[in-house]
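I opened my notebook to go through one protein model.

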Amino acid sequence: MASLPARTRYRYSLGSFVTGAFGTVPGLLLLKYLTDTMGVAAGVAGLIVFVPKAWDVLFNPIAGRLSDADMVRTGSRRRFLLYGGIGVSILFAALFAHPGFGGPVPDAIYVVVVFLLCATAYAFFQVPFNALPAELTDSAEERTKLTSVRIGFLAVAILVSGGGAPAITDLIGGVAGYRVMGLFIAVVILLATLGVYFGLKDAPVGALRPNTVSPRELLRTLARWRPFRWLLGVYFIQALGIGTVLAAIPFFAERILGSSGYSTVLFVGFVGPALLTMPLWPKLGASVGKLAGFRIATAAFGVGLLGLLGAEVFPFAVTMVFVAFCGVGYAGISVFPLAILPDLISDEEERTGETRAGVAAGVWTASETLGLALGPGIWGLVLQFGGYQSSLDAKVAQPDSALTAILLGASILPAVLIVLGIPLLRKSVLERRS
């Protein structure tokens, strides 16, 4: 297949503003929104953040099969992208609307229901979005270029949403701040959805293969597909670490660094280096191999996280250096798995003669969703064990045990989770064979 036009790479990558916003903002702010404006206990808040996304673990593979079937029937996955993205936009605004039903319990139930619906709509967007690279081109080199552009857009999306969302909530303050922030992110998601939908109208599509015939065949496929399962394990563990980091940032900024305003500073210090180094990781991968580059990126992220352990005694500039290390490593661990995945999909489709892109994307998305959801859940337990005091105005003094829990939970815990991926990056399993 001929090389992809640059416009196709850019238009496809607009979808990263949907995945970046939804993947970042709830993990960053939803738990604090529950504990510090609704008075929900930290452990319960962590469970609330986890449950709706855990549903996607079951639903995303189903969305993948539906997406595969629709692609075979119509020759396109764009309809799923459109309806899913619009649904995410509307429900995201509703998620942070805080209707105020008069107590923590009804307010929390409202959040659970809306977040569940929002996560379901997101599955219908992200699953076909992740499946498209394997169908837009059959060239591994072109997929790497596509992935690099996509991750670059993702870094910008995280910078806009992850930096802008806490800045808006901090500037306006209270419940009103969360409402305005929710509307702002909803507009970003809607515009990105329309951009990728109309932008891919004339994009190429790969050969249409028969769909997986049954859930039993799907299970057999995944059971035999060892390289995919191996890469999936790495991705899940590291998504768990990233989810923990996201949930920790606003607490770390306010309680360790001394001001909630540092949330935006931390995000800029994290995403800025990620954005700058994003184009360098594929070049390193071409030089030393994708797996070696993946290992180097993982180690860099781990070193940065461990450095945060000294945030209370280091000058702020030194802390930001370690934050930058985290960003550099994050760029790498974002690029390499998404560069390896389409190669594995193509190999499996050539071996079986059947469509695997949607199914693989569904399982992949489920793993990412579970990791990013479990991260805040674990963080909620860390706060609960530390004795964190929930409130309605975020001004309650916290015991020393809570501060210690925040410091350790934001540094050592995610560092261990991120670095655990290194032993799983085995060349004998994941390296593509010619």
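**Entry 1: the whole chain**

How many helices and how many strands are there in the protein? I counted 17 helices and zero strands. I noted that the model is a predicted one.

Next I looked up burial. Of the 434 residues, 60% count as buried. The exposed surface comes to about 16200 Å². Carbon and sulfur atoms supply 69% of that surface.

**Entry 2: helix α1**

I started with α1, which covers residues 6-13. Which residues of α1 are buried? I found T8, R9, Y12 and S13. I then looked down the axis of α1, where the buried residues fall within an arc of 125°, so they line one face of the helix. I wrote a reminder beside this entry. An α-helix has 3.6 residues a turn, so residues three or four places apart point the same way.

**Entry 3: salt bridges**

I searched the whole structure for salt bridges and got two. A general point came to mind here. Side chains of opposite charge can pair when their charged atoms come close.

Where do K32 and D36 lie? I found both in helix α2, residues 16-37. They sit four residues apart, about one turn of the helix.

The side chain of K32 also meets that of E254 in a salt bridge, at 2.8 Å from N to O. This pair links distant parts of the chain. E254 is in helix α10, residues 226-256, while K32 is in helix α2. The two are 222 residues apart.

I put the pieces together: K32, D36 and E254 are linked in a network of salt bridges.

Are K32 and D36 buried or exposed? Both are buried. The cut-off for buried is under 20% relative accessible area. K32 has 9% relative accessibility, so K32 counts as buried. D36 has 4%, so D36 counts as buried too.

I checked D36 for another partner. The side chain of D36 makes a polar contact with the side chain of T35, at 3.1 Å.

**Entry 4: helix α11**

How far does helix α11 reach from its first C-alpha to its last? I read 23 Å for its 16 residues, 262-277. That is close to the 22 Å expected at 1.5 Å a residue.

I also listed the buried residues of α11. They are S263, L266, F267, G269, F270, V271, P273, A274 and T277.

**Entry 5: the loop between α4 and α5**

I moved to the loop between α4 (78-95) and α5 (104-131), where H98 lies. What is the phi of H98 near? I noted 50°, a positive value in a residue other than glycine. H98 has a relative accessible area of 7% and is buried.

G103 lies in the loop between α4 and α5 as well. G103 counts as buried, at 15% relative accessibility. I looked up the distance from G103 to V40. Their C-alpha atoms are separated by 9.4 Å, and the two residues are 63 residues apart along the chain.

**Entry 6: G152 in α7**

I found G152 in helix α7, residues 140-172. G152 is buried, with a relative accessible area of 17%.

Which residues is G152 in contact with, leaving aside its neighbours within four places in sequence? I found L275 and M278. I also looked up V335. The C-alpha atoms of G152 and V335 are separated by 9.1 Å. Along the chain, G152 and V335 are 183 residues apart.

**Entry 7: T193 in α8**

My last entry is on T193, in helix α8, residues 174-199. T193 is buried, with a relative accessible area of 0%.

What does T193 touch, not counting residues up to four places away in sequence? I listed V18, L81, L82, G85, I86 and F125.

Notes. Residues numbered from 1 in each chain as written. Predicted model: local features only at pLDDT ≥ 70, side-chain atom pairs only at ≥ 80, totals over all residues. Heavy atoms only, no water. Buried < 20%, exposed > 50% of the residue type's maximum accessible area, 1.4 Å probe, protein only. Arc of directions from axis to C-beta. Salt bridge = Lys/Arg side-chain N within 4 Å of Asp/Glu carboxyl O. Expected span 1.5 Å × (residues − 1). Polar contact = N/O pair within 3.5 Å; in protein donor to acceptor, adjacent residues only side chain to side chain. Areas by Shrake-Rupley, 256 points an atom, 1.4 Å probe, with all protein chains shown as cover. Contact = heavy atoms within 4.5 Å.
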